[in-house]
Amino acid sequence: ITRPILRISSIAGQMAQLDFSRQCAERRRDEIGALGQSLNQLSKSLSTSLSQLETANEALRAEMEKERELDRQRMAFFSAASHELKTPVTILKGQLSGMLEGVGVYQNRDQYLLRSLQTVGRMEHLIQEMLSISRMETGAVSKQEAVNLSDLVERQLDYSRDLMEQRAQRLLSRITAGIIVNGDASLLEKAVGNLLSNAILYSPSGAEIRVRCAVREGCPVLHVENTGVQISEEALPRLFEAFYREEGSRNRSTGGSGLGLYLVRLILHQHGAECTIENTADGVRASVRFPEN
């Protein structure tokens, strides 16, 4: 009578230590057998519940870590944004104070009013980029519709032709007609426009701007390549960071906000697309691969 009770007691002791590996093998039809079967069911239920709890805890830890990382990124973003806005605000304050007091060169108000207006324009552009990023980070793509990527790229090329002509740059484009992707046309126009403007602004006079849009292995792809300049290997992985500028070719002298590629990454990520930037034999190429329709 006592031996099965001792075995059941031993199994219960292991269960108390959260070890559910043993099962009661009693096949008796009396109360002791019923107790053994109940203990097996309890062990199975507790093991399942504990496994589910561990899975839920792991997911919660991952979510908390993700939130902490997002908070860290937000703080870093706003710290960098404050720094970026501080410089033009200081310049603008100095120009306006100089004009009001009629000090030195600032007596020429027409010249410095124009410069002040240009400074305000740069601030406005930066704020608009920041607002776009804020909207992107707080929600998914608002529209999901069929977008003709070929026509969209052609329109952005038309918008960019004047700037390329001013910089004596030559456009080489190969656009396959009728390529369709799903998403928000206005956001995709922003992403493609940023890639094109980067290629133009960070290329020297006389460079070639090469744009290809086609379908590869069932996926729509877009390549934007600019010649005459390359990016250091150390800088390549950081190009999509907010406010990152490589010393030399990518700096404040271009007039960029430092948010263009960061916004491109956000937009394409929400469309399920991937963007990479790499050096080529004679320049830099940005490649976008959309998901298969």
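I began with a helix pair: Leu-187, Leu-188, Lys-190, Ala-191, Asn-194, Leu-195 and Asn-198 of α5 meet Gly-260, Leu-261, Leu-263, Val-264, Ile-267 and Leu-268 of α6, where contact means heavy atoms within 4.5 Å. I sorted the residues of this contact by class and found nine nonpolar, three polar and one charged, with Ala, Val, Leu, Ile, Met, Phe, Trp, Tyr, Cys and Pro counted as nonpolar, Asp, Glu, Lys and Arg as charged, and the others, Gly among them, as polar.

I note that this is a predicted model, in which local features need pLDDT of at least 70 and side-chain atom pairs count only at pLDDT 80 or more, while totals for chains, interfaces and linings use all residues. Residues are numbered from 1 along each chain as its sequence is written, and side-chain values use heavy atoms, with hydrogens and water left out.

Next I looked up the geometry of the pair: the axes of α5 and α6 (residues 260-270) come within 9 Å and cross at roughly 145°, and the crossing is left-handed. Axes are lines fitted to C-alpha atoms, for helices over the stretch in contact, and angles run from 0 to 180 degrees between N-to-C directions; a crossing is left-handed if the near helix is turned anticlockwise from the far one by less than a right angle, and right-handed if clockwise. Helices (H or I, at least four residues) and strands (E, at least two) are DSSP runs, numbered from the N terminus.

For α4 (residues 149-166) and α5, I found axes that come within 10 Å and cross at roughly 35°, in a right-handed crossing. The residues in this contact include Leu-152, Leu-157 and Leu-163 of α4 and Leu-188, Val-192 and Leu-196 of α5, and by class the contact has 11 nonpolar, three polar and two charged residues.

I then turned to the sheet, which is open and has five strands in the order β2-β4-β5-β7-β6 with mixed pairing; two strands pair if DSSP finds at least two bridges between them. β2 (170-175) and β6 stand at the edges with a single partner strand each, so one side of each has no neighbour in the sheet. The twist averages 10° from one strand to the next.

Seven bridges join β5 (residues 219-227) to β7 in an antiparallel arrangement, with Val-224 opposite Ala-286 in β7. α4 packs on the sheet against β2, β4 (208-216) and β5, its direction making about 175° with that of β2, whereas α5 touches β4, β5, β6 and β7 and makes about 20° with the direction of β5. β6 (residues 274-279) and β7 (residues 283-289) are also antiparallel, joined by six bridges, and a hairpin connects them through three residues.

Which residues line the second largest cavity? I listed Leu-188, Ala-191, Val-192, Leu-195, Leu-222, Leu-268, Val-288 and Phe-290, and α5 (residues 185-201) supplies the largest share, four residues. On a 1 Å grid over the protein atoms alone, a cavity is a set of points where a 1.4 Å probe fits but cannot get out, and lining residues have an atom within 4 Å of a point. The lining has eight nonpolar, no polar and no charged residues.

Last, I checked two loops: Ala-168, between α4 and β2, has a positive phi of about 55° although it is not a glycine, and Glu-217, between β4 and β5, has a phi near 55°.

Key: On a 1 Å grid over the protein atoms alone, a cavity is a set of points where a 1.4 Å probe fits but cannot get out, and a pocket is an open set with protein on both sides within 12 Å along at least five of seven lines; lining residues have an atom within 4 Å of a point.
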